[in-house]
Amino acid sequence: MQNPDGTWGSQFHTLSMPDRRQGLITTEQALRRLKILGFTIEDEPIRRAVDCMCACLRGERKIDDYWEKGHDWALFTRLMLGAWVREFTPEEPEALDVARQWARVIESTFANGGCDRDAYREAYDREFNSPIRGGRERDFVDFYHVSLLKGMLSRETESRFLDHVMGNQEGIYYICGGPVLRVPEVFASRETVRYLSALELLLGYGQAAGKLGFAARWIEENRGPEGLWDLGPKAGDGVRLPLSDSWRKKGARQADCTQWVGGILARLREEN
């Protein structure tokens, strides 16, 4: 389904569920799914997509004609592109330029300890030569910022940033809808799939595992009697799961869940 220019469909942005009834898919949806399935920059579809996104960051082409009102869409597009490029090749120069800009903003935001909103607005204005207009510009606890800033912050700022993200009552936008500090009440649920996705994203930071010991204990407590994890049949969202071709058999579902959940637990235990 990939277009000759390296994109998918006619639109780059949206991380909502793909519309399988019409066979529609966005570039973001395709990139996310392929990454989950293990595709890397060494695979041709990803290389072509990254080349396209880097060309857009250099101003050599437009990603598409989509445009959202209410905020600085050009700036938000650079944020999206930078984040996705760094998901597959963190040292790509064009994406690093975007990451460095946002790192300077976040360093200023947390320079005095907690999240200083006035400092955030001032740093944003200074770095991008533009005031905050609205929408997602007012906040930075979302997939794009958290993904983009991995490996970009000083140790002190990273710790403060992680504490802020984990305690955010609205969760991580585009990923989960509640604070990371509160584990889901029902383990076998779509809510847990979203929560585990948030943990996986945060584990891109060196200090995250040390702050998420409670999540490691929660995952261990929900291991089944046979040593496997099972998120239940409704967890198959077509994005994170399944990993296998079919969940018609319970064993395939348990194998998929155990591979994913067990991998997250192993990373959480690296410092716990």
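Predicted model: local features only at pLDDT ≥ 70, side-chain atom pairs only at ≥ 80, totals over all residues.
Residues are numbered from 1 along each chain as its sequence is written, and side-chain values use heavy atoms, with hydrogens and water left out.

The protein chain contains eleven helices and zero strands, where helices (H or I, at least four residues) and strands (E, at least two) are DSSP runs numbered from the N terminus. Along the sequence, the pattern is accordingly written α-α-α-α-α-α-α-α-α-α-α. The radius of gyration of the chain is 19 Å, close to the 19 Å that the globule rule gives for 272 residues, so the chain is as compact as a globular protein of that length. That radius is taken over C-alpha atoms, and the globule rule is 2.2 Å times the number of residues to the power 0.38. Taken along the principal axes, the C-alpha atoms fill a box of roughly 55 × 45 × 30 Å.

Of the 272 residues, 52% count as buried; buried means under 20% relative accessible area, exposed over 50%, and partly exposed in between, with a 1.4 Å probe and protein chains only.

Helix α7, residues 155-167, has 13 residues and reaches 18 Å from its first C-alpha to its last, close to the expected 18 Å at 1.5 Å a residue. The expected span of a helix is 1.5 Å times one less than its number of residues. The buried residues of α7 are Thr157, Glu158, Ser159, Phe161, Leu162, His164, Val165 and Met166. These buried residues pack against α4 (93-109), α5 (117-128), α6 (143-148), α8 (190-202), α9 (208-211) and α10 (213-221).

Helix α11 has 19 residues and reaches 26 Å from its first C-alpha to its last, close to the 27 Å expected at 1.5 Å a residue. Its buried residues include Arg253, Asp256, Trp260 and Leu268. The partners against which the buried residues of α11 pack are α8, α9 and α10.

Spaces in the structure come next. On a 1 Å grid over the protein atoms alone, a cavity is a set of points where a 1.4 Å probe fits but cannot get out, and a pocket is an open set with protein on both sides within 12 Å along at least five of seven lines; lining residues have an atom within 4 Å of a point. Grid points are joined across faces, edges and corners, and a volume is the space filled by probe spheres set on the points.

The largest pocket holds about 460 Å³ of space. Its lining has 19 residues, with Lys35, Ile36, Glu87, Glu200 and Arg240 nearest the centre. Two or more lining residues come from each of α1 (27-36), α3 (73-88), α8 and α11 (250-268). By class, this lining has nine nonpolar, three polar and seven charged residues. Here Ala, Val, Leu, Ile, Met, Phe, Trp, Tyr, Cys and Pro count as nonpolar, Asp, Glu, Lys and Arg as charged, and the others, Gly among them, as polar.

One cavity of 30 Å³ or more is found in a search of the whole structure. About 70 Å³ of space lies in the largest cavity, and the residues that line it include His71, Asp72, Trp102, Tyr124 and His145. Helix α3 gives the most to this lining, with three residues.

Ala208 lies in helix α9 and counts as buried at 1% relative accessibility. Leaving aside neighbours within four places in sequence, Ala208 is in contact with Leu162, Leu202 and Leu203. Its C-alpha is separated by 9.1 Å from that of Glu158, 50 residues apart along the chain.

Gln101, in helix α4, is buried with a relative accessible area of 18%. Beyond neighbours within four places in sequence, Gln101 is in contact with Arg78, Glu127 and Phe128.

Val183 is placed in the loop between α7 and α8 and, at 26% relative accessibility, counts as partly exposed. Not counting residues up to four places away in sequence, Val183 touches Tyr195, Phe214 and Trp218. The C-alpha atoms of Val183 and Trp218 are separated by 7.6 Å, although these residues are 35 apart along the chain.

Key:
Contact = heavy atoms within 4.5 Å.
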